[in-house]
Amino acid sequence: MKISKILFVSEFEELWLDALQSLMALRKAGMNNVVFLHVISRDKVAMRRGAGYLKQEERKLKEIADIRFIDWAETLFEEGMEVVAHIAIGNIVPKILSVTEIEKVDLIVTARRKRAKFEELYSGSETSELLRRADKPVLIYNYLSQSGKVGENPFERLLLGLDWSVSSEKVLDYVLALKGAVKRVDIVHVMGEKDVAKISKMEAQKLERNNKKRLDEVCDILVNERFDARPHLYIGNTEEQIEKGASEHRATMIVLGAKRRSIWKEKWSGSVAHSLADKSELPILIVPTEVK
Amino acid sequence: MAKKVLNVEDDADTRTFVTTVLEENGYIPIMAIDGEEGMEKARKEKPDLILLDILMPRESGIKMYHELKLDPNLKDIPVAMLSGVSKRTFLRSQAALTEFGDETVPEPQAYLEKPVEPEDLAETLKKILG
């Protein structure tokens with residue numbers, strides 16, 4: 001697994017230069033190629049009664065995006081990086097997926113996206129849709145946090161949440177590929193409160209011992225690769241415990257694996273990764289099970 | 001025989017503008033919409049001049065220029081940059097690539113920063129192609 005090419009999706013009002021600069025930490029992990037994508041919503045240029053298709057508006061919006069991208073790209077070009085750009089009109093998620101395919105990127109970077117309330121009721125947020133459909137890891141920045149600022153290196157201290165599923169293996173591989181950009185990894189596994197309540201004390205202790213052993217094994221893998229890694233076992237609500245762990249260990253990013261699910265499965269059973277992507281104040285990196 | 005000019009440009013409006021200037025001045029325009037297609041057409045068509053934008057999808061003009069100058073079959077084709085990216089950035093980027101272990105890359109024959117007037121473009125073409 002490698003992370004040499006990233007897709008940076010910007011709507012400008014949501015994802016700014018500080019987010020892009022913070023990603024430069026990935027250069028230490030081999031990143032040398034940035035793809036910019038700006039999608040102009042069809043509503044902004046759609047046909048209006050008496051005015052037709054707003055070609056002038058389209059030109060203006062494309063020009064604005066072009067000027068911004070040139071400004072960002074100049075800095076990256078001067079550092080010897082390759083930069084390409086796409087400015088498109090249409091729906092954001094399908095455009096992200098198509099550019100991901102065309103450019104063969106290793107990571108999609110975007111800000112949390114919301115739909116109108118009515119639309120969200122039926123199809124969830126655009127972030128959820130992207131996570132459901134993307135077969136590449138997605139890094140989501142949250143600009144709704146109080147500070148509205150992105151830390152200098154969000155990869156510095158990772159909170160790695162593992163549930164021992166197939167996605168856990170994938171996410172661990174991905175973290176290993178981030179070597180160079182990451183200083184510390186706090187590995188967290190959360191035992192469900194209800195699961196523990198259902199079994200005897202002896203069984204609960206066995207389960208705890210087993211989980212600690214697995215955490216230690218993961219920790220050893222990371223330490224052998226020269227990461228500073230610490231294992232942590234928690235009991236309780238997974239979402240809450242992960243957020244709590246991130247805060248306790250001053251994590252700069254949460255990293256989780258996630259299965260790609262259908263819209264209905266997602267709607268009814270939900271997933272910790274998707275839910276945290278919609279709520280967490282920290283940047284969150286979601287690695288799908290089926291990473292191509 | 002009319003000379004062939006390959007214009008590598010992702011913006012449709014700029015492509016139309018350049019095509020018009022080329023045709024009006026008696027050149028044969030060949031179009032490519034990004035650096036990857038530009039390299040393919042450069043190999044296939046062996047143009048007399050390449051007009052090259054920088055920020056495009058799939059492959060930037062900076063990478064394409066670098067590839068052109070390192071290809072023994074294409075390195076002698078004159079290149080005129082036509083871009084919104086400043087010349088200073090272009091030169092620094094080539095220097096940065098050199099620092100990454102490649103050979104020194106020569107400067108392009110001309111560097112035009114967008115927007116360019118049709119007369120200035122025609123004059124540049126004439127200066128390079130005669």
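1. Leaving aside neighbours within four places in sequence, B:Arg58 is in contact with A:Val84, A:Ile102, A:Glu103, B:Asp34, B:Gly35 and B:Glu36 (contact means C-beta atoms, placed from the backbone, within 7 Å). The model is predicted: local features need pLDDT of at least 70, side-chain atom pairs count only at pLDDT 80 or more, and totals for chains, interfaces and linings use all residues. Residues are numbered from 1 along each chain as its sequence is written, while chains are lettered from A and ligands numbered from 1 in the order in which they are written.

2. Is B:Arg58 buried or exposed? B:Arg58 counts as buried because it has 20 C-beta neighbours inside 10 Å (buried takes 20 or more other C-beta atoms within 10 Å, exposed 12 or fewer, partly exposed in between). Its C-alpha atom is separated by 6.4 Å from that of B:Asp34, 24 residues apart along the chain.

3. As for the chain pairing, 18 residues of chain B are in contact with 16 residues of chain A. On the side of chain B that touches chain A, helix H3 (61-70) and helix H4 (87-99) of chain B each supply at least two residues (helices are DSSP runs of H or I, at least four residues; strands are E, at least two; both are numbered from the N terminus). H4(B) gives the largest share, six residues.

4. Please also look at strand E1 (residues 4-8) of chain B, which runs parallel to strand E2 (residues 28-32) of chain B and is joined to it by five bridges (pairing takes at least two DSSP bridges). Within this pair, B:Val5 stands opposite B:Pro29.

Technical notes
Contact = placed C-beta atoms within 7 Å.
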